[in-house]
Amino acid sequence: MMHDLVISGARVVCPGVVSDCDIGISGGKIVTLGAGLEGAEVIDAAGLIAMPGGIDSHVHIAQPSGPGIEMADDFASATRSAACGGNTTVMPFCLPEAGQTLREAVAAYHAKAKGNCLTDVSFHLIVTSTDPVTLGQDLPALIAQGLTSFKVFMTYQGMRLSDAEILQVMDVAREQGALTMVHAENEDAIEFLRDKAERLGDTAPVHHARTRPVPVEREATHRATTLAEVAGVPVMIVHVSNGAALDEIQRAKARGVQVLAETCPQYLTLTADDLDRAGFDGAKWVCSPPPRDTAEQAAIWAGLEQGAFDVFSSDHCPFRFADPAGKDAPGARASFRNIPNGIPGVETRLPILFSEGVRKGRISLTAFAALTATNHARIYGLKDKGAIAIGKDADIVLWDPEAKRTISQDILHHGADYTPWEGFEVTGWPVRTILRGQTVVQDGAPVDSAPGVHVAREAPDVSR
Ligand code: URP
Ligand code: ZN
Ligand code: ZN
């Protein structure tokens, strides 16, 4: 059989098994796995590892971030950066602007993304209001359209929901078969600490981390899992940063609650000391939850090694540093309170986990593929994606496991003007990214086209 494309000679990471085989691709799908395959085009991938293209199920792109504040990435730059980092699908959040309905917000995001993406995209929702139109009309309609997951916040003024509201939203998730994702930090406790810090004149970026200590995340994680237990729904706790929060998740699981957990590179490799750099520089590392310390890093690594985490995402949320529309927002130097929260990371997520996890012997190749692609597809209902298996989309990334890179702003493709991992050395780099059989990045260079489309999803597997 003649295929459109054959990838030949790679070590192929299939679900649960690594195999030396060719990958036969036709019509954008993986149709054959075997030896000696024929193709109209053949990629010689000897010495490389073929992985499922990364799925980053937690990214923020062109998200409204307050008056005068602008995210550093639009869909073109974010998906270019994602593809160069070995991803083939990203899952951004749709956040309504003031006065916009959820359905209007989704329409606006589709308009921003359409025709501009180098990877496929699939939207999550953010629910910040429990009015009857949102809960009774918009949410059910959007879930029916395949936007089958949404995030709620227990923190951030103007976005947080009360416990009563979270229960209402979870009830809609239960009725409609969607998955609730929770940002778990206790806003009242943070506000108490933030006010106190400001009264004492502790206003530098590091106080962002000091006013969001582990207990505020641990308590909120306990509450979020308990609310899910009461509502009778599965829940995804996103961006878990420390061992105490992970313990709460494990305790809830032991009670029979269906809890899924996500962590991110910042909680494996950065610490609160990064926010304590000279002058205003620490603002580059301001994100929530904040990076912790090396003991908490070890707890998160242990969780990854022991299978306590389902997905590893970036929480890419880029702001330029030297920009009044970014980290240097009005009032940001006067108080950490005004520094936009979030860091860029969609391009560095996979190399960091490959280098620190696979190369250092902490996780296997198959665990890497599960944590970075397969589990995202299964959990969020991307039925055609996330695995090198017959019938799946030919979303594949070829890795050079020996390539050494020093992460630096110079080699990245995002719209931010810095990377929090400047100078971080990695071994292993994605050298070719293939989306539905089409090469979108080769040798670090993105192709000049935008083949990415929005992908509607099935109900998350845990919600079925
Ligand atoms: O600081 C962060 N993580 N910003 C992005 C929004 C969120 O909470 O995920
Ligand atoms: Zn969050
Ligand atoms: Zn986020």
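**Note on the predicted model: pockets, zinc sites and salt bridges**

1. Second largest pocket. Its lining divides into six nonpolar, two polar and five charged residues. The volume of the second largest pocket is about 160 Å³. It is lined by 13 residues, and those closest to its centre are Arg277, Trp285, Pro420, Trp421 and Glu422. All of this rests on a predicted model, and totals for linings use all residues.

2. Largest pocket, size and centre. The largest pocket has a volume of about 980 Å³. Its lining comprises 41 residues; Ser65, Tyr156, Met159, Pro340 and Asn341 are the closest to the centre.

3. Largest pocket, make-up of the lining. By class, 19 lining residues are nonpolar, 15 are polar and seven are charged. Which elements supply at least two residues each? Strand E12 (149-153) and helix H5 (187-199) do. The largest share comes from H5, with three residues.

4. Zinc ion (ligand 2), donors. Three protein residues donate to this ion: Lys151 through NZ, His183 through ND1 and His239 through NE2. They lie 2.1 to 2.2 Å from the zinc ion (ligand 2). The lysine donor deserves a look in the viewer: the atom in question is NZ of Lys151. In sequence the spacing of the donor residues is K-x31-H-x55-H. Lys151 lies in strand E12, and His239 in the loop between strand E14 (235-237) and helix H8 (243-254), so this pair ties together parts 88 residues apart in sequence. Are Lys151 and His239 buried or exposed? Both are buried.

5. Zinc ion (ligand 3), donors. Here the protein donors are His58 (NE2), His60 (NE2) and Asp315 (OD). Their distances from the zinc ion (ligand 3) run from 2.0 to 2.1 Å. The donor residues follow the spacing H-x1-H-x254-D. His58 and His60 are both buried.

6. Zinc ion (ligand 3), geometry. Why is the arrangement tetrahedral? Four donor atoms surround the zinc ion (ligand 3), and they subtend angles of 91 to 128°. For reference, the ideal angle for four tetrahedral donors is 109.5 degrees.

7. The two metals together. How far apart are the zinc ion (ligand 2) and the zinc ion (ligand 3)? The separation is 3.8 Å.

8. Salt bridges, overall. The structure holds 32 salt bridges. Side chains of opposite charge can pair when their charged atoms come close. Lys29, Asp120, Lys383, Asp384, Lys385, Asp393, Asp395 and Arg436 are linked in a network of such bridges.

9. Asp120 with Lys385. These two residues form a salt bridge, with the closest N and O atoms 2.9 Å apart. The pair links distant parts of the chain. Asp120 sits in strand E10 (residues 120-121), whereas Lys385 is in the loop between helix H12 (365-380) and strand E17 (396-406), 265 residues apart. Asp120 has a relative accessible area of 1%, so it counts as buried, the cut-off being under 20%. Lys385 is also buried, because its relative accessibility is 3%.

10. Asp120 with Arg436. Asp120 also takes part in a salt bridge with Arg436, where the closest N and O atoms are 2.6 Å apart. Arg436 lies in the loop between strand E18 (425-435) and strand E19 (438-442), and Asp120 in strand E10, so the pair ties together parts 316 residues apart in sequence. Arg436 counts as partly exposed, at 27% relative accessibility, whereas Asp120 is buried.

11. Asp171 with Arg174. This is a local pair. The side chains meet in a salt bridge, 2.9 Å from N to O. Both residues lie in helix H4 (residues 163-176), three residues apart, which is about one turn of the helix. Asp171 is partly exposed, with a relative accessible area of 30%. Arg174 is partly exposed too, at 43%.

Methods:
Residues are numbered from 1 along each chain as its sequence is written. Chains are lettered from A and ligands numbered from 1 in the order in which they are written. This is a predicted model: local features need pLDDT of at least 70, side-chain atom pairs count only at pLDDT 80 or more; totals for chains, interfaces and linings use all residues. Side-chain values use heavy atoms; hydrogens and water are left out. Donors are N, O and S atoms within 2.8 Å of the metal (3.2 Å for Na, K and Ca); water is not among the atoms, so sites may look incomplete. Four donors count as tetrahedral if all angles lie between 85 and 135 degrees; four count as square planar and six as octahedral if opposite donors are over 155 degrees apart and all others between 65 and 115; anything else is irregular. Buried means under 20% relative accessible area, exposed over 50%, partly exposed in between (1.4 Å probe, protein chains only). A salt bridge is a side-chain nitrogen of Lys or Arg within 4 Å of a carboxyl oxygen of Asp or Glu. Helices (H or I, at least four residues) and strands (E, at least two) are DSSP runs, numbered from the N terminus. On a 1 Å grid over the protein atoms alone, a cavity is a set of points where a 1.4 Å probe fits but cannot get out, and a pocket is an open set with protein on both sides within 12 Å along at least five of seven lines; lining residues have an atom within 4 Å of a point. Grid points are joined across faces, edges and corners, and a volume is the space filled by probe spheres set on the points. Ala, Val, Leu, Ile, Met, Phe, Trp, Tyr, Cys and Pro count as nonpolar, Asp, Glu, Lys and Arg as charged, and the others, Gly among them, as polar.
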